[in-house]
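Please open the model in your viewer and keep the selection tool at hand, as this tour moves from one stop to the next.

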Amino acid sequence: MRKASILVIEDEAKIRTLLRNVLESDGYEVIESQSGDGVIDLLASRPIALITLDIQLGRENGLDLVRQIRRVSSVPIIMVTGQDDVIDRVVGLEIGADDYITKPFHVREVIARVRSVLRRTGGTPDTHRDSDESERYLFDGLTAVPDRLEIIDREGNDSSLTSGDFKLLTVFLERPKRVLSRDQLMDLTGGQDWSPLDRTIDNQVARLRKKIERRPSEPGLIKTVRGVGYTLACEVEVVHPSGSSTKSA
């Protein structure tokens, strides 16, 4: 079986070597880069299962690199940040990173984070955005594209979700008009494991609403069922790769 490839983007040689040794010891193939140069071309040319990305890349802005990657790829990204980079961590998660590791880190934490992200994202190599070999969900004028962890809005603009946000959305899309309790949502999304900041379901729903609701302050899609949980209050059409479609029920 071919080893999963992890791209380590880090400008400090010592940390780059440490990450390579840790990841190789756990059975991964490691590709090293000290900058973001050539990353987009690399993603288009070979399968990458995951990226670790230092937010402080010398003169480069790691957050800008996250944005560039998310325009073309849904490959999982783990940010490597400093102790005081709280704002960068929050922004990184909002624009599409999947998790983060704080320096100084323990080797066991690196392995745990990588395994967790790969587990909740399916553990498969990245699918480039040119691929149409996947189902799509049509709902309330929106299109959800699982291969790219992407939402196409009512004006045709696309935006990326984190893997955790998209997993929560998929749970709703596969069960439209069903009332789901908070406990059910936790179980169906894999529990706390996928949430890098240990967010509650309520906070995760609030984030998702900002992406898909016409008026997030007056949600009409993901409705709150007081004392119980939430429901997706619209019909969902599933478009298959063959071009056929079905109603999700």
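The stops below cover a helix and then several pairs of charged side chains.

This is a predicted model, in which local features need pLDDT of at least 70 and side-chain atom pairs count only at pLDDT 80 or more, while totals for chains, interfaces and linings use all residues. Residues are numbered from 1 along each chain as its sequence is written, and side-chain values use heavy atoms, with hydrogens and water left out.

Select helix α3, residues 62-72, helices being DSSP runs of H or I with at least four residues and strands runs of E with at least two, numbered from the N terminus. Its buried residues include Leu63, Val66 and Arg70, where buried means under 20% relative accessible area, exposed over 50% and partly exposed in between, for a 1.4 Å probe and protein chains only.

Next, select Asp54 and Lys103, which form a salt bridge with their closest N and O atoms 3.3 Å apart; the term means a side-chain nitrogen of Lys or Arg within 4 Å of a carboxyl oxygen of Asp or Glu. Asp54 is buried at 2% relative accessibility, and Lys103 is buried too, at 18%.

Now move to Arg214 and Asp140, a salt bridge whose closest N and O atoms are 3.4 Å apart. Arg214 lies in the loop between α8 and β13 and Asp140 in the loop between β8 and β9, so the pair ties together parts 74 residues apart in sequence.
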